[in-house]
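Open the model in your viewer and keep the sequence panel beside it. This tour goes stop by stop, with something to select at each one.

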Amino acid sequence: MNNEQQCHDISDKAWNLLEAYLPGQHGQWGRIAQDNRQFINSVFWILRTGVP
């Protein structure tokens with residue numbers, strides 16, 4: 001976990017398993033994603049908090 005990550009963000013181990021299956025990577029059709037990990041962390045935050 002790097003300094004920018006929060007304690008509730010996806011772990012490095014889980015991210016390494018998930019990263020290859022997400023769209024928006026070099027060599028794939030379409031636009032290159034800015035930060036898939038930030039997007040996944042945001043989705044988990046919404047599910048966890050219910051977006052207060």
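Helices here are DSSP runs of H or I with at least four residues, strands are runs of E with at least two, and both are numbered from the N terminus. Q38 is found in one such run, helix α2.

Some ground rules before you click. This is a predicted model, in which local features need pLDDT of at least 70 and side-chain atom pairs count only at pLDDT 80 or more, while totals for chains, interfaces and linings use all residues. Residues are numbered from 1 along each chain as its sequence is written, and side-chain values use heavy atoms, with hydrogens and water left out.

**Stop 1: the whole chain**

Show everything as a cartoon. The protein has two helices and zero strands. Switch to a surface view. The accessible surface is about 4600 Å², and carbon and sulfur atoms hold 57% of that. Such areas come from the Shrake-Rupley method with a 1.4 Å probe; for residues, only the protein chains shown count as cover.

How many of the 52 residues count as buried? The share is 19%. Buried means under 20% relative accessible area, exposed means over 50%, and partly exposed is in between (1.4 Å probe, protein chains only).

Now think about contacts, meaning heavy atoms within 4.5 Å. Take those with a separation of 6 or more: residues 24 or more positions apart account for 33% of them.

**Stop 2: helix α2**

Select residues 36-49. This is α2, with 14 residues. From first C-alpha to last it reaches 20 Å, close to the 20 Å expected at 1.5 Å a residue. The expected span is 1.5 Å times one less than the number of residues.

Colour N36, R37, I40 and N41. These are the buried residues of α2. They sit on the same side of α2 because they cover an arc of only 135° around the axis. The arc is that of the directions from the helix axis to the C-beta atoms. An α-helix has 3.6 residues a turn, so residues three or four places apart point the same way.

What do the buried residues of α2 pack against? Their partner is α1, residues 12-18.

The face away from the buried side carries the exposed residues Q38 and F39. Q38 has a relative accessible area of 52%.

**Stop 3: the ends of α2**

Go to the start of α2. There a side-chain oxygen of D35 reaches to within 3.2 Å of the backbone nitrogen of R37. Then select N36, which is buried at 17% relative accessible area. Beyond its neighbours within four places in sequence, N36 is in contact with W15, L22 and P23.

Move to the other end. Just after α2, G50 takes a positive phi of about 75°. R48, also in α2, is partly exposed at 43%. R48 and H8 are 40 residues apart in sequence, yet 10.0 Å apart in space, C-alpha to C-alpha.

**Stop 4: the salt bridge**

Select D12 and R37 and show their side chains. They meet in a salt bridge, at 2.7 Å from N to O. D12 lies in α1 and R37 in α2, so the pair ties together parts 25 residues apart in sequence. The term means a side-chain nitrogen of Lys or Arg within 4 Å of a carboxyl oxygen of Asp or Glu. By this rule the count is one.

R37 counts as buried, at 15%.

Notes. A polar contact is a pair of N or O atoms within 3.5 Å; within protein, one must be able to donate a hydrogen and the other to accept it, and residues adjacent in sequence count only if both atoms are side-chain atoms.
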